[in-house]
Amino acid sequence: MSGTSNGTFPGEGYNLDVLRQLEAHRPIKMAIILALGVMITLGNVAVVTVISSAVPGWSRNSRYFLLSLTGADSAFGLVVMPLNLCVSLVKDYNDGPDSFCHVVAFFNAAVYSTCMYTMASISLERYVAVFYPLQYASLLSRRRALLLIALAWGFPPVLLAPVSWPQGIVEVRFSAASLVCNPTYSSNVAYSLALTAFIFFPCSAIMTFCNLRLWAAAKRQRLKIRMRSRAVRNGPDVASRVLVPVMTVYYACWTPCMVILIYNATSGSGVPEWVEFVAVWLPTSNGFLNCIFYFWINKSFRRKFHVLLHKLCLGLCPSAEKLLGCAKPVGTSAAPVWNNNNSLSERSSSVSSTCTLLTIAAETYI
């Protein structure tokens, strides 16, 4: 779901200077889009390689949600970017809307929406894991977790189906500024605002509420441990180090896009060329940043990645171990369930979930 600038539509106020400027900027924009696609694809391939096998401290449900997020993020690089690059190469500035552009716009919006729903599901899962650890298995069984994932993937296409209809309730045009096929949200204000009401605002509310509660709980637990131990030097503030960047990146990537969407729908006006391009493609960069904040920060994930990379290198070149002086990786052990009755096992969906944020022992896994 991306904002559009009506001022960049073909036949709507173009002059020769603007056309030359857009044509000069097109290779730069395509290079940026291609680089984003490569980064997202490589990052998520590494993630899938690790979480497809057991990672200490991550439950089965956690891996389901993380695989769902990885799939949604991978769709940015494997579906959204190739389709839009294809449109950018074949679409001329004087071409009007067509059926293919509607299909591309539908896939764009569906992938964006699925990613938001999946991140909201992850926040909800780790909220249940932290605040209801004893009821976790009953509140979020394997069946319910899979149903939640199915909802995240199945509801957006239903909600966005009108975008794919060439003569539907909303118009779709190629934007020369952002190089994507975008719905003209001002052509149906009610439907456009309904999309934000059913997708962006609920997902943002769930993520904000869950992560704020987790952050507050982690702060209280850290204060209790500090007062109990009367330690002069505190350990790392994991809550601020993980939760704050997760939410900051989320709002930084998605808010500009939503603001332009609402502005375009209500006013019918466009925005400057590069403002639109950055706002439209910022959510896509979230697909790469998720690899860092949901995975790479976690120490168990890094350890597992190093083990797999070591095995791959030795499999490809057995003599490299002696040549490079590589030591055999230390086997990973499962996260402890209890440690002197002060620490809980990490069983949540991401680095910021469950008791990773609540105990000193678990902080060593980040």
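Author: A polar atom in the side chain of Asn-61 lies 2.8 Å from the backbone oxygen of Leu-140. This is a predicted model, in which local features need pLDDT of at least 70 and side-chain atom pairs count only at pLDDT 80 or more, while totals for chains, interfaces and linings use all residues. Residues are numbered from 1 along each chain as its sequence is written, and side-chain values use heavy atoms, with hydrogens and water left out.

Reader: What makes the pair of Asn-61 and Leu-140 a polar contact?

Author: A polar contact is a pair of N or O atoms within 3.5 Å, where, within protein, one must be able to donate a hydrogen and the other to accept it, and residues adjacent in sequence count only if both atoms are side-chain atoms.

Reader: Why is Asn-61 called buried?

Author: Asn-61, which belongs to helix α2 (residues 60–90), has a relative accessible area of 7%. Buried means under 20% relative accessible area, exposed over 50%, and partly exposed in between, with a 1.4 Å probe and protein chains only, so Asn-61 counts as buried. Of the 366 residues of the chain, 49% count as buried.

Reader: Why does Arg-228 count as exposed?

Author: Arg-228 is part of helix α6 (residues 189–229), and because its relative accessibility is 63%, Arg-228 counts as exposed. Arg-228 also contributes to a positive surface patch, together with Arg-213, Arg-220 and Lys-224.

Reader: Why is Ile-206 called partly exposed?

Author: Ile-206 is likewise found in helix α6, and with a relative accessible area of 34% it is partly exposed. The C-alpha atom of Ile-206 is separated by 9.9 Å from that of Ile-122, although the two residues are 84 apart along the chain.

Reader: Which residues form the nonpolar patch on the surface, and why is Ile-28 called partly exposed?

Author: The nonpolar patch is formed by Ile-28, Ile-32, Trp-274 and Val-278, with about 320 Å² of accessible area together. Two or more residues of this patch come from each of α1 (16–51) and α8 (273–296). Ile-28 is placed in helix α1, and because its relative accessible area is 44%, Ile-28 is partly exposed.

Conventions: Patches are made of residues with over 30% relative accessible area and no salt bridge: like charges are joined within 9 Å, nonpolar side chains (Val, Leu, Ile, Met, Phe, Trp, Tyr) within 5 Å. Accessible areas come from the Shrake-Rupley method with a 1.4 Å probe; for residues, only the protein chains shown count as cover. A salt bridge is a side-chain nitrogen of Lys or Arg within 4 Å of a carboxyl oxygen of Asp or Glu. Lys and Arg count as positive and Asp and Glu as negative; His and the chain ends are not counted. The place of a charge is taken as NZ of Lys, CZ of Arg, CG of Asp or CD of Glu. Helices (H or I, at least four residues) and strands (E, at least two) are DSSP runs, numbered from the N terminus.
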